[in-house]
Amino acid sequence: MPQRSALGALDALLGFEKVIEATWFFTERIEPTSLRASLSRLASRYPLLASHVSRRSGRHRSPLHGWEIRGLTPEVPFGVRTEAGTSRAAASTTDASRFLGVEVRSGAAVMAGRSQVMAVALTNFDGGGSAVGVRLSHAVADASGFYRIVREWSRLHNGDGGVAGGDCAGADQDGGSGEDGAPLLELRRDCVEAAHQVAHRAGTPAQEQGQEQGRADGGFDTSSWRGAALFHVIRALGPAPPPMASRRRLELSAADVLALRARCVAAGARRPSANEAVVASLCRAVSRALRLPPGARCSLSMVFDVRRAARLPPEYAGNAFHLLHAPATEAPWHEMPLAQVCALVRALALRPLQGNSLDDPLTLSGGWLAQTQMLERGILAPTGGGGSADGGGGGAACSLVANYQAHLPAFAVDFGGGECLRVVPGAGDALQMVAGPRGGVDVYLNLQLGGGNAEWAQLREAVLDPARGG
C-alpha cells in the first residue's frame with residue numbers, strides 16, 4: 001500500500017516557491033555503494049522521501065488545495081560523479097549548485113510531478129575528499145526538518161538505530177523509536193491538523209479577527225477564478241532570485257562570535273545571544289554598505305521555529321516556521337547606537353516567549369496558526385516585513401529577513417568521509433546564517449550590494465567591529 005500524506009496549503013505554497021538544498025564537503029572519499037545503501041534504508045523508513053507530489057482529481061478551493069505526496073517510487077534519485085581537484089578547494093565556494101546533481105531542479109518541476117521530492121548527488125574528487133549534495137522540496141520540510149532528515153540519514157548510515165529493509169517502515173511512520181531509543185522523524189501532517197483543531201474548538205475571536213484583518217490589509221483570495229489566475233501570473237512573472245554570483249559569505253569563527261558578543265556588551269547591550277549579536281552587527285554593516293540616507297526607515301523580520309510554541313512534536317520535520325516583524329526604525333541602523341540595535345533584535349527574539357498563545361495572532365504560535373488557517377481558506381496574507389533592500393517593504397528603505405540557522409544540526413552528519421569541512425546551503429533569505437566549521441557561523445548575504453572586493457572587505461570589517469559608526 002503506497003504511503004500518502006496530504007499537503008497543507010502552506011506546504012503547497014512553499015513547494016511552488018523553493019527547493020531546499022545544501023552540500024556537505026568531507027576530507028575523505030565516500031564509497032558510493034555504502035552511501036546508496038544507507039539512502040535506500042532512509043527511503044524504506046520514510047517512504048514519503050522517495051515520492052512525487054500529485055494532485056487529487058476533482059474541484060479544489062484554490063491552487064493551494066488538493067495536493068499530496070505519494071510514496072510510489074522505491075528509491076531516492078542518486079547520482080555519482082568525479083571531479084578534478086580536492087574537496088578542500090571546492091569547499092571555499094559560495095555556490096555549490098554543481099554538486100547537487102540534476103534532479104529536483106525547481107519547485108515548479110516538483111509540483112508538476114516531473115521531479116521527485118528529494119535527490120542526492122555524490123561527488124568524489126580525484127585529489128581527495130567528497131561532496132554530498134542534497135535537494136528536498138520545501139513542500140516536504142523546512143530548513144530545520146531538512147537538516148534533521150540528513151542527520152537521520154547519517155545515523156542510519158552508521159548503524160545508529162537503523163534496521164535493514166522495510167521491517168520498520170510501518171512502526172516508524174507511526175512515530176515510534178529506533179532500536180537505540182532515539183526519536184524518529186515525523187513527516188505526516190496530522191500534528192499540524194491537530195493544532196488547528198484545538199484552536200478551532202476553542203473558538204477564539206482573536207483568531208477570527210486576525211484572519212479578517214489579513215484579508216483587509218492586502219491579502220487576496222485565490223478561491224475565485226480571478227484569484228487563481230492572479231496566483232499563477234504572479235508565479236510566472238515574479239522577480240527572479242538574485243544570481244548566486246552576487247552572494248557573498250562572511251566567515252565568522254567561534255572566537256569572532258564571542259568577540260561580537262563582548263563588543264555588544266561593552267556598547268551597553270544586556271547579555272546578547274550569538275543570534276542577537278550577529279544579526280545586530282550585520283544590520284548595521286549592511287545599512288552602511290547600502291549608503292542609506294539619513295532618516296531612512298529600516299525593517300527587520302526574523303524566522304522562528306514554531307514546533308515548541310505550537311505544541312508540535314519535536315521530531316516533526318515538516319514546515320513549522322513563522323516570520324515575526326520588528327517595527328520600522330526612524331533612522332538607518334548604522335546611525336543607531338549598537339546597543340539600541342541589539343535591543344531591537346532582542347525584543348523581536350523574545351516575543352515568542354512572552355504570552356505566546358495559539359489564540360493570539362500577535363504572538364508566534366497564534367500568528368503562525370492565523371496565517372496557515374488563512375491559507376487553508378485560500379487567502380494569501382500580506383508579507384508584512386519583506387526581504388529586499390531595494391526600497392520595498394511597506395515604505396521602508398531597507399527591509400531584510402534574517403534567518404539564523406547556525407543552531408541547526410548541519411555538522412551532525414558523518415558518512416565515513418572524515419572531517420566535515422563546510423556545509424554550503426543554497427540561496428536563502430537576505431541574511432542567512434548557518435553553522436560554520438569548528439563552532440563558527442557562516443553568514444551568506446543574498447543581496448546585490450555591488451562593489452568590488454575592497455567594499456566587501458570594508459563590510460566584513462564593519463561586522464567584526466560593530467562599534468564603528470555609533
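**Close-up views of the predicted model**

View 1. Val434 is found in strand 15, where strands (E, at least two residues) and helices (H or I, at least four) are DSSP runs numbered from the N terminus. In this predicted model, local features need pLDDT of at least 70 and side-chain atom pairs count only at pLDDT 80 or more, whereas totals for chains, interfaces and linings use all residues. Residues are numbered from 1 along each chain as its sequence is written, and side-chain values use heavy atoms, with hydrogens and water left out. At 4% relative accessibility, Val434 counts as buried; buried means under 20% relative accessible area, exposed over 50% and partly exposed in between, with a 1.4 Å probe and protein chains only. Leaving aside neighbours within four places in sequence, Val434 is in contact (heavy atoms within 4.5 Å) with Gln405, Ala406, Val423, Pro425, Gly440, Val441, Asp442 and Tyr444. Val424 is ten residues from Val434 in sequence, and their C-alpha atoms are 8.5 Å apart in space.

**View 2. Two loop arginines with positive phi.** Arg438 is found in the loop between strand 15 (431–435) and strand 16 (441–445), and has a positive phi of about 55° although it is not a glycine. Arg438 counts as exposed, at 66% relative accessibility. Arg291, in the loop between helix 11 and strand 10 (298–305), also is not a glycine and has a positive phi of about 55°. Arg291 counts as exposed, with a relative accessibility of 66%.

**View 3. The crossing of helix 10 and helix 11.** The axes of helix 10 (residues 254–266) and helix 11 (residues 274–289) come within 9 Å and cross at roughly 80°; axes are lines fitted to C-alpha atoms, for helices over the stretch in contact, and angles run from 0 to 180 degrees between N-to-C directions. Helix 10 and helix 11 are therefore roughly perpendicular to each other, the term used for angles of 65 to 115 degrees, with under 35 counting as roughly parallel, over 145 as roughly antiparallel and the rest as oblique. On the helix 10 side, Val257, Leu260, Arg261 and Cys264 meet Ala274, Ala277, Val278 and Ser281 of helix 11. By class, this contact of helix 10 with helix 11 has six nonpolar, one polar and one charged residues, where Ala, Val, Leu, Ile, Met, Phe, Trp, Tyr, Cys and Pro count as nonpolar, Asp, Glu, Lys and Arg as charged, and the others, Gly among them, as polar.

**View 4. Helix 1 and the ring pair of Phe16.** Helix 1 (residues 9–17) is mostly covered, with eight of its nine residues buried; among them are Leu10, Leu13, Leu14 and Phe16. Rings of Phe, Tyr and Trp (its six-membered ring) pair if their centres lie within 6.5 Å, and planes under 30 degrees apart count as stacked, over 60 as edge-to-face and the rest as tilted. By this rule the count comes to eight aromatic pairs. Phe16 and Trp67 form one that is edge-to-face, with 5.6 Å from centre to centre and 85° between the planes. Because Phe16 lies in helix 1 and Trp67 in strand 4 (residues 67–71), the pair ties together parts that are 51 residues apart in sequence. Phe16 is buried, with a relative accessible area of 13%, and Trp67 likewise counts as buried, at 9% relative accessibility. Elsewhere, ring pairs link Trp24, Phe146 and Tyr147 into a cluster.
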